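I opened this entry to look up how the chain is laid out. I began with the overall build and then went down to single residues.

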Amino acid sequence: MRHQAAKRINDDWRFHLGEVSPEEAMRASGPAWSRVALPHSWNALDTMEVDEVRHYTRAIGWYTREIEPPPTGQRLWVEVEAASQRASIWLNGTQIGEHVGGYTAFTVELTLEHPEQLKLALRVDNLPDPDLIPSDLSDFFLSGGLTRNVWCYTTGPRRLASLRCETEVNAEGASLSIRGQLDALPPRGLYVEAQLFSPQNVLLTTIKQALNDDE
């Protein structure tokens, strides 16, 4: 579920093909580091390479980027649409998460004692792995890299961690059910407001209802 104020941060990434230490990734300096924009894959051209030495690189790649600190009192989140095929996430040299699967998005919160300096790094690999889906028996290349968009957004102290909308439509009418979950208890009662639009983007109705403990 993407935050409606999310900002796409596909530019100004530094990339290194091959393993390095997290400390070196934080520096991201030298000729081995190139500047790239996302989406990016180190297999963008080599899957068509006829030379076996340069064909279809199965490797580790590091991506790093400076992240703008959040305003005071705000929480900072990064959503990665795809890191193929396996990723670990690092912030200022400390690992803060990991994700397996090159075709599913994931979100991590960026928290630090000193938020004035945020250096995000992702270690991504497409190395052969018999336990990973899809397997090497698939009929397509398992390209490595950050192959889709990356987004950044802020929230208040409490975040809507999940949201589910269910509809039921028949000849007599239609109903809408909204269920969600906060990641922390609110200090006071809250309400949910939903606006329904037609396919022509015309506002049809607004629903506003107080939340209960089960929602």
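First, a term I need throughout: buried means under 20% relative accessible area, exposed means over 50%, and partly exposed is in between, with a 1.4 Å probe and protein chains only. I noted that this is a predicted model, where local features need pLDDT of at least 70, side-chain atom pairs count only at pLDDT 80 or more, and totals for chains, interfaces and linings use all residues. Residues are numbered from 1 along each chain as its sequence is written, and side-chain values use heavy atoms, with hydrogens and water left out.

**Entry 1. Overall build**

I looked up the secondary structure and found one helix and 14 strands. Helices (H or I, at least four residues) and strands (E, at least two) are DSSP runs, numbered from the N terminus. I then checked the spread. The radius of gyration is 21 Å, well over the 17 Å that the globule rule gives for 215 residues, so the protein is more spread out than a compact globule. That radius is taken over C-alpha atoms, and the rule is 2.2 Å times the number of residues to the power 0.38. The C-alpha trace spans about 65 × 45 × 35 Å along its principal axes.

I looked up burial next. Of the 215 residues, 36% are buried. The protein exposes about 13,500 Å², and carbon and sulfur atoms supply 51% of that area. Accessible areas come from the Shrake-Rupley method with a 1.4 Å probe; for residues, only the protein chains shown count as cover. I also checked contacts, meaning heavy atoms within 4.5 Å. Among contacts with a separation of 6 or more, 66% are between residues 24 or more positions apart.

**Entry 2. The six-stranded sheet**

I traced an open sheet of six strands, ordered β3-β2-β4-β9-β6-β7, with antiparallel pairing. Two strands pair if DSSP finds at least two bridges between them. At the edges I found β3 (34-36) and β7 (94-100), each pairing on one side only. From one strand to the next, the twist averages 25°. Angles run from 0 to 180 degrees between N-to-C directions, and axes are lines fitted to C-alpha atoms, for helices over the stretch in contact.

Inside this sheet I followed β6 (residues 86-91) and β9 (residues 118-125), which pair antiparallel over six bridges. A87 stands opposite V124 in β9.

**Entry 3. The four-stranded sheet**

I found an open sheet of four strands, in the order β1-β10-β5-β8, again with antiparallel pairing. β1 (7-8) and β8 (106-110) are the edge strands; each has a single partner strand, so one side of each is left without a neighbour in the sheet.

Which strands does β5 pair with? I found six bridges from β5 (residues 75-80) to β10 (residues 150-155), running antiparallel. β5 also pairs with β8, antiparallel, over five bridges. On the β10 side, V80 stands opposite V150 and L76 stands opposite T154. On the β8 side, the bridge partner of E79 is T107.

Is β5 enclosed or open? Six of its six residues are buried, so β5 is largely enclosed by the rest of the structure. Both faces are covered: R75, W77 and E79 lie on one side, L76, V78 and V80 on the other.

I looked at Y153, which is in strand β10. Y153 counts as buried because its relative accessibility is 4%. Leaving aside neighbours within four places in sequence, Y153 is in contact with H3, A5, A6, R75, L76, W77, T107 and R159.

T155 counts as buried because its relative accessibility is 8%. With neighbours within four places left aside, T155 is in contact with H3, Q74, R75 and W77. The side chains of T155 and W77 are joined by a polar contact of 3.1 Å. A polar contact is a pair of N or O atoms within 3.5 Å; within protein, one must be able to donate a hydrogen and the other to accept it, and residues adjacent in sequence count only if both atoms are side-chain atoms.

**Entry 4. The β13-β14 hairpin**

I ended with β13 (residues 191-197) and β14 (residues 203-210), which run antiparallel and are joined by seven bridges. The bridge partner of E193 in β14 is K208. Five residues lie between the strands of this hairpin, and N201 takes a positive phi near 65°.
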